[in-house]
Amino acid sequence: MKGERKMSEFVMECKNITKSYGHVQALKNITFGLRENEVLGIVGDNGAGKSTLIKIIRGAIEPTSGEIFLRGERVIFHSPRDAMNHGIQCVYQDLALVNKLSVIDNFFLGREIEKDVLGFLPVLNEMAMGEGVLLALREMGYEEIDIEEKISNLSGGQRQAVAIARAVFTEPEPDIVLMDEPTSALSEKGKQKVFQFVEFLKQKHSVILVSHDLNAALQVCDRIIILKLGEIVFESNVHDGLSVQQLISLM
Amino acid sequence: MGNKGLTRILKDIESLVLIGGIIGLVILFSAFEPRFLSLENFRIILETMSVLAILALGLNLLLITGEIDISFTSVLEFSASIVALISSYWHLNTFLTVLIALLGAVAVGIVNGMFVVKLRIPSFLVTLASQAIVGGIVLIICNYRAVLIADQAFLNVFYGRPLGNVATCVYWMVFIAFCLWFLLTKMKFGKWAFATGGNEEAARLMGIPTARVKLLCFILDGCLAGVAGFVLGSRAMSARPLMSTGYLMPAMAAPIMGGASLNGGEGSVPKTLLAVFLLSIITNGVSLLGLEPAYRDILMGTILIIALSIRQLRSLAIL
């Protein structure tokens with residue numbers, strides 16, 4: 001349902017989002033907003049509803065009730081493609097890369113650039129795709145990556161760079177980037193790399209970061225929401241006084 | 001060529017093994033039989049490898065998506081039988097005959113694909129069943145005997161010699177190989193097929209319709225098995241049950257020797273063709289030397305195991 005575009009301080013708002021699976025309520029009246037160039041952390045224990053909420057925002061599932069607004073305009077996502085077309089991209093926990101394909105193939109997977117040959121035959125425009133990847137990686141400071149190299153031959157940080165570049169450097173350019181457990185199974189050095197990525201992202205985008213890692217969330221987020229048994233139990237700007245112990249006590 | 005290009009070639013162990021194997025076999029067979037190393041024999045090898053090549057290329061496509069088909073031998077016999085029966089009893093024009101037979105082959109591909117993508121039954125099991133069913137149908141419609149292919153135009157199309165001494169089956173093989181190479185390397189469908197086999201979940205998250213990709217590959221595979229039936233039937237000028245005996249192992253071995261993985265996500269048209277060429281050299285050399293066919297099987301199996309072992313050692317970073 002499209003109404004008049006309203007001025008909103010929020011890039012995205014979720015209002016009264018509820019998701020039920022039979023008698024089980026995975027989410028209950030979730031209401032929050034995401035501001036411009038903000039990093040919002042969504043934390044909570046297993047079963048809190050984080051994954052369900054992210055799936056709804058990225059269009060993988062539909063809420064039982066509730067609404068999502070993007071810049072004041074109500075939107076309904078019937079598929080992840082709908083969410084992508086509205087400027088929501090996701091960096092998945094396992095990065096969703098195909099190890100046996102190259103950097104360039106992974107970067108453009110599902111959105112390959114084509115050109116017409118002989119006036120009717122759509123073939124891959126390898127030159128345009130190559131330029132696109134090189135530009136993206138250069139802007140992220142990863143110009144040393146060989147774009148013909150298989151993903152399986154890259155380091156963990158390089159793979160993450162490719163996954164993030166794929167989410168960010170796309171048409172339409174995303175307003176919102178969802179990051180699902182970006183620091184899981186990473187070393188401290190790897191985590192620091194993720195924090196650098198998030199700082200890079202928030203210059204031009206808003207970020208929702210889902211994480212078990214409370215230290216990481218406190219370090220990189222501007223605001224934190226705690227989910228517990230499908231409800232928001234805490235919401236606060238990150239400040240010096242906010243500690244991991246405090247967050248744990250609320251989860 | 002820079003260092004990166006050279007490194008990539010050296011890392012391409014499949015090609016090195018295949019080319020080395022071909023050179024070794026050529027030296028071996030020509031040492032024992034001088035007739036081996038002649039243009040005439042080369043032509044014979046190309047013509048006899050065409051059926052195997054078409055089958056192997058179809059299977060390669062499916063392996064790339066992470067699936068497999070062992071019913072292709074029955075589909076080959078099925079399409080050849082349909083052609084033989086139509087040409088012998090109904091005398092339809094060649095185009096219609098080919099169309100009906102091809103539709104039959106495609107139908108098997110569709111059924112295989114639907115059971116795999118809709119019901120998620122492992123493709124090995126689905127095609128094991130369809131191999132038996134289609135093979136049984138062939139026995140019944142052929143009445144357990146050979147049926148002549150009476151359509152001369154059909155024979156000319158698939159095994160004629162309109163341009164010099166080389167049979168049309170070679171041109172079909174080259175044309176099909178080129179089309180598949182183009183599809184897999186120059187069109188987005190190819191990337192989608194590799195992604196579907198390499199990481200189906202990731203491919204789906206990127207919006208690729210993986211079920212549709214697999215179904216299309218099953219259809220193409222069925223179609224190619226049908227064309228292989230046309231070629232084999234034309235060469236024999238007849239169709240008969242179990243005429244595909246001897247093709248199952250090499251048709252499955254060739255794409256794997258060419259780099260395809262049973263886990264999906266890998267495969268190469270040029271390297272599959274190289275593998276088919278190598279296997280065909282074995283068949284040809286054994287025949288020229290007057291050895292029993294069993295030696296062919298022993299040699300093929302040995303070379304397959306060697307090729308796979310080298311690849312495995314490379315991936316374990318021992319080499």
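## Sheet of chain A

Strand 11 (residues 223-228) and strand 12 of chain A run antiparallel and are joined by 6 bridges. One bridge pairs Leu227(A) with Ile232(A) of strand 12 of chain A. The model is predicted.

Both strands belong to an open sheet of 6 strands in chain A. The strand order is 6-9-10-3-11-12, and the pairing is mixed. Strand 6 (88-91) and strand 12 (231-237) of chain A are the edges, each pairing on one side only. On average, neighbouring strands are turned by 20° against each other, direction ignored.

## Helices on the sheet

Helix 5 (residues 156-168) of chain A lies across strand 6 and strand 9 (176-180) of chain A. This helix runs at about 170° to strand 6 of chain A.

Helix 6 (residues 188-202) of chain A also packs on the sheet. Helix 6 of chain A touches strand 3 (39-44), strand 9 and strand 10 (206-211) of chain A. Its direction makes about 150° with that of strand 10 of chain A.

## A helix pair in chain B

In chain B, the axes of helix 5 (residues 94-118) and helix 6 (residues 123-141) come within 9 Å. They cross at roughly 145°, and the crossing is right-handed.

Helix 5 of chain B contributes Val108(B), Val111(B), Asn112(B), Phe115(B) and Val116(B) to the contact. Helix 6 of chain B contributes Ser123(B), Val126(B), Thr127(B), Ser130(B) and Val134(B). By class, this contact has 6 nonpolar, 4 polar and no charged residues.

## Where the chains meet

Contact between the chains involves 16 residues of chain B and 17 residues of chain A. On the chain B side, helix 9 (188-198) and helix 10 (200-205) are the elements giving two or more residues. Helix 9 of chain B gives the most, with 5 residues. The chain B side divides into 8 nonpolar, 4 polar and 4 charged residues.

Technical notes
Residues are numbered from 1 along each chain as its sequence is written. Chains are lettered from A and ligands numbered from 1 in the order in which they are written. This is a predicted model: local features need pLDDT of at least 70, side-chain atom pairs count only at pLDDT 80 or more; totals for chains, interfaces and linings use all residues. Axes are lines fitted to C-alpha atoms, for helices over the stretch in contact, and angles run from 0 to 180 degrees between N-to-C directions. Helices (H or I, at least four residues) and strands (E, at least two) are DSSP runs, numbered from the N terminus. A crossing is left-handed if the near helix is turned anticlockwise from the far one by less than a right angle, and right-handed if clockwise. Two residues are in contact if their C-beta atoms, placed from the backbone, lie within 7 Å. Ala, Val, Leu, Ile, Met, Phe, Trp, Tyr, Cys and Pro count as nonpolar, Asp, Glu, Lys and Arg as charged, and the others, Gly among them, as polar. Two strands pair if DSSP finds at least two bridges between them.
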